[in-house]
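Take a moment to look over the sequence and the structure below. The text that follows leads through a few places in turn.

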Amino acid sequence: MRIIGLFTSTAYTDSVRQIPYLRRKVEMVVEDAGLDRESHSGKALGTVLETYPRDDLFQIDPATLLVFARDILSLYDRPRVRVLPRVDAFDRFVSVLVYLPRERFDAALRDKIGARLATAFGGHVSAASPSYLTDVPLTRVHYIIGRREGRTPEVDRPALEAAVAEDVLSWSDRLRQALRETPSAGDAGMLFERYGKAFDPGYIAAYGIDTAVADIERLERLSPERPIALDFYRRPGDPANRISLRLLSFGRPLPLSERVPMLENMGLKAINERTYHIEPVCSADTETRRSWLHEMTLERVDSGTIEVSGSAARLEDLLTAVLRGEAENDGFNALVLDTGLAWRDVALARALARYLRQAGIPYSQDYLWTTLVNHADVAARIVQLFHTSFDPRLDASPEARAARGAPLREEIETALADVSSLDEDRILRRFVNLVDAALRTTFYQLDADGRPKGAIAIKYDSAKVEGLPLPRPMYEVFVYSPRVEGVHLRFGHVARGGLRWSDRPQDFRTEVLGLVKAQQVKNAVIVPVGAKGGFVPKHLPAGGSRDAVQAEGIAAYKIFVTALLEITDNLKGGEVVHPLLTVRVDGDDPYLVVAADKGTATFSDIANGLSQDHGFWLDDAFASGGSVGYDHKAMGITARGAWEAVKRHFREIDVDIQTTPITVVGVGDMSGDVFGNGMLLSTALKLVAAFDHRHIFLDPDPDPAASHAERQRLFNLTRSSWADYDPALISPGGGIYPRTAKSIALSEQARAVLGLDKLEATPTEVMSAILKAKADLLWFGGIGTYVRAASETDAQAGDRANDAIRIAARELRVKVVGEGANLGMTQRGRIEAGRAGVRLNTDAIDNSAGVNTSDVEVNIKIALSLPVAEGLLSPPDRAALLGEMTDDVGLLVLRNNYLQTLAISLAERRGVEDLAFQQRLMQMLELRGELDRSVEYLPSDAEIQERRARGEALTRPELAVLLAYAKISLYSELLTSDVPDDAYLAAELERYFPDAIEQRFPNAITAHRLRREIIATGLANAIINQGGPACIARISDHTGMDAASVVRAYAAVRDSFDLGALNAAIDALDTKIDGAVQLQLYAEVQDLAVGRTVWFLRNVDLGTGLGTV
């Protein structure tokens, strides 16, 4: 029988003890509980029963009520989650009392637990009534889980209670618990204190605790030095062309504008993105650890599939490297997706491509990487071919390298046959060619931490590199890193030259090649042949301060120089030591010497510090001009050398510029080494106009003495400019004007000096007018190319910054040009000026004293390394000795400037008489592959014939080039002969060094490592300076003897006739007799030397050595 009805209100409001049915049930429970009714527990039990849900109290049996009452009573002592389910006898519903922490209860938790209960009991939530209990910090929720049919499932109450307890836990609670259970996470208490409230609501809603713990472990490893952690993965259910990225960024969020291009260059595109802020709590003395999580869904740009098992790790490594600045962000990175190449392999491919651009390949970088990506299989094989040749873990024998490479070459050729584009075929073949031309690399070298070194240096046999412009060096090293790129060109095993901070990132090799051509000519007077290097910093701070730019430039310089040292052999105890983890295809190559150049004038100590850090055998002789070396500006040596050339030009037209006032125009300012020192070398100078990169200086009629004193004052200032010149000392009509001025008002006096018939002119017009001014001397002491041939374009001059100023050589109105600075004129401009009657040489001849001083310094240091190693000379005493020899070194160097310019004057004097022998010399050099006339702008045979018909000889600039090539060629021939080993010629070695070394450390000279090279250099300079550029060709044609025999005979003649004394006597006549007469005297001695050398060759057997003659 079922009775249906409603209780009256008193059934709910009266005490249970006033309702007979309930009173009996409660008394049974109290009695069975065994508690004193007046005790604390007894009263608490009474409260439990009074507040028990009244409907349930009517229905529940006493036994179950007792159990539930005890459970509820226990909550007073230890509040916790409790679940008390009671199943209706007819399976119509389940009544569940759930006790929850009051501070955690909210509607969301109520619904969450209700859903769990409904699932557990196979029903639905019919009602959920919360009650806030007194005396305990708990909330009771009474759930009625309605059911429709079937028996109620049996539920494991402890398991259900545990599940509800888990629901009740906050995200922070679960995080704390997970950290305690994860030993690898570290100090759980500290980590929870830091990260318990760090994650924003979006993160909490999106990720589980396991993910958070993993992220915390990653976050703890992040720092300002290593601010990135990331993970590529595929979500369950994502298609094969889709992949996800989780990226943790320390300190700052990475904007989409930064991330998206990186990913697109990797061949991926972003589908969606979410960013979460993570704000750890840090103590006052701890750096903030604010971070961001970026989650991105990605697909391939080409909609292809992504093999997660192979690509994900490589993509992670690549993106990490890009974000850390260890790899560049460009299209080469897409090679990682399909080729199996690691990011370092991609960096290698990029380094090859960067060199190809510098080598003049007519395709852009974008086209190069597009080609490699389009033919990724070929790109991968090219990289593998490089590995088969240079991986130090493999057998490095030529046979093994060839055997490993042969199958790859066949595969590459087969693949290239299917390349339809001719341009792409050429590009891929040029990459293969670079691998074949490589000689060694630092790619496999490791740093102290066992990581690959950041810069990649590759040494090439330049003759094997296809498409290189002429002239081709013997070797070149290309250095690539994300921070700097550079190249070092060398024309021989023993070569030296400066390292330039270039501002031409697109074609710095072209700039360096132009410089090294001049260096070759300049180096004819010294032991090493020409070399030159240039580097371009790629991360100069935009808009940064001078100090910030300088700091980054120095950092780039260090990377560049370090890479050069790391690829170079070393000497230890006289034995060659090869770089570790480096396969060498070439032979021993331990000679590497550098010097300062534009932008690196103060870097010699930095370079020497790197040399010493590497234990390089040259120590502080690696870079000349450091703090323990010769200060070129203090010596004024470059300007003094060029001044020897200027003095000769004027002396030969009977003007003594040391006493006779001459007018001068110039490029530079008094703070510069060459301009400043040059304009102080005579008190008779009248500097009427000059300009530098900041100002224009006009002084139409200066007082020589007063202006000299003022120039001296400016030179002594730190970082002076023309603006510091005392305006009171400037003659009427002159002034100092900034180059930024809109226009310059020109006085009558200024117009007369400049030859400008304008009342005002722009700064550009004024500077061009200075170059065209009618004056005695044009002195180049600043950077830039200002004069070209009329047949040349400004683009061919290779100095875009001065295109608006530059003039044609035929517009020059000066008598003499002094090139204290490099590249003031193009070579064709010099030739044009020379043919027009201007007296000039070349920059390489005029300013060779600087490089000559550096070479003497290096060789002195090499010599003194022996007594230092033997303990006979301490480093401080060595430094003192170097200082004591400064003047002697200067005199040795300036003697070469004196003799070289004299040799050119004598060759010029002979004119057409020597043209046939000069032509013969050019032909001999061409046959040996040592000269390309078109590169050096020397006349062809047909042009020589035309000149001969016109009675026109070679100009001084042409003779200067021929003089240098004659010396270089003879030097090379002597090194392959036994002439440097002739004991009689050891005196050449002694002549090279100051007397102080010979007197104190004679063994240091005789045991010099470059003994043969020094002797060969001295002999080549002596005979060519004495006999002229074509003397070897002339004598060989007369006698049929080789160069070595000619040199032996010349040495015999020189010493037999004491030609040194004869020449010195004529030298003493400088400015005392007519210049033409003095040249005639020199020519008589020259004829004597050549004629007697022929006689010795025909009449004396020199085969047994000069000592027996």
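The model shown here is predicted. Begin with Gln1078. Apart from residues up to four places away in sequence, Gln1078 touches Arg651, Tyr898, Ile1066, Asp1067, Leu1069, Asp1070 and Ile1073. With one of these, Asp1070, there is a polar contact between the two side chains, at 2.6 Å. Gln1078 itself sits in helix α46, which covers residues 1075-1099. Is this residue buried or exposed? Gln1078 counts as buried because its relative accessibility is 4%, and the cut-off for buried is under 20%.

Next, turn to the second largest pocket. Its volume is about 970 Å³, and 38 residues line it. Those nearest the centre of the pocket are Gly325, Glu326, Trp343, Arg451 and Gly454. Which elements supply at least two residues each to the lining? They are the helices α11 (209-221), α13 (308-323), α15 (343-358) and α21 (546-566), together with the strand β5 (228-233). Helix α21 gives the largest share, with six residues. By type, the lining of this pocket holds 17 charged, 15 nonpolar and six polar residues.

The last stop is Ala406, a residue of helix α18, which spans residues 398-416. Ala406 has a relative accessibility of 36%, so it counts as partly exposed; that class lies between the limits of 20% and 50%. In sequence, Ala406 is 18 residues apart from Thr388. In space, the C-alpha atoms of Ala406 and Thr388 are 10.0 Å apart.

Definitions and conventions
Residues numbered from 1 in each chain as written. Predicted model: local features only at pLDDT ≥ 70, side-chain atom pairs only at ≥ 80, totals over all residues. Heavy atoms only, no water. Helix = DSSP H or I, 4+ residues; strand = E, 2+ residues; numbered from the N terminus. Buried < 20%, exposed > 50% of the residue type's maximum accessible area, 1.4 Å probe, protein only. Polar contact = N/O pair within 3.5 Å; in protein donor to acceptor, adjacent residues only side chain to side chain. Contact = heavy atoms within 4.5 Å. 1 Å grid on protein atoms, 1.4 Å probe; cavity = no way out; pocket = protein on both sides within 12 Å on 5 of 7 lines; lining within 4 Å. Points joined across faces, edges and corners; volume = space filled by probe spheres on them. Nonpolar A, V, L, I, M, F, W, Y, C, P; charged D, E, K, R; others polar.
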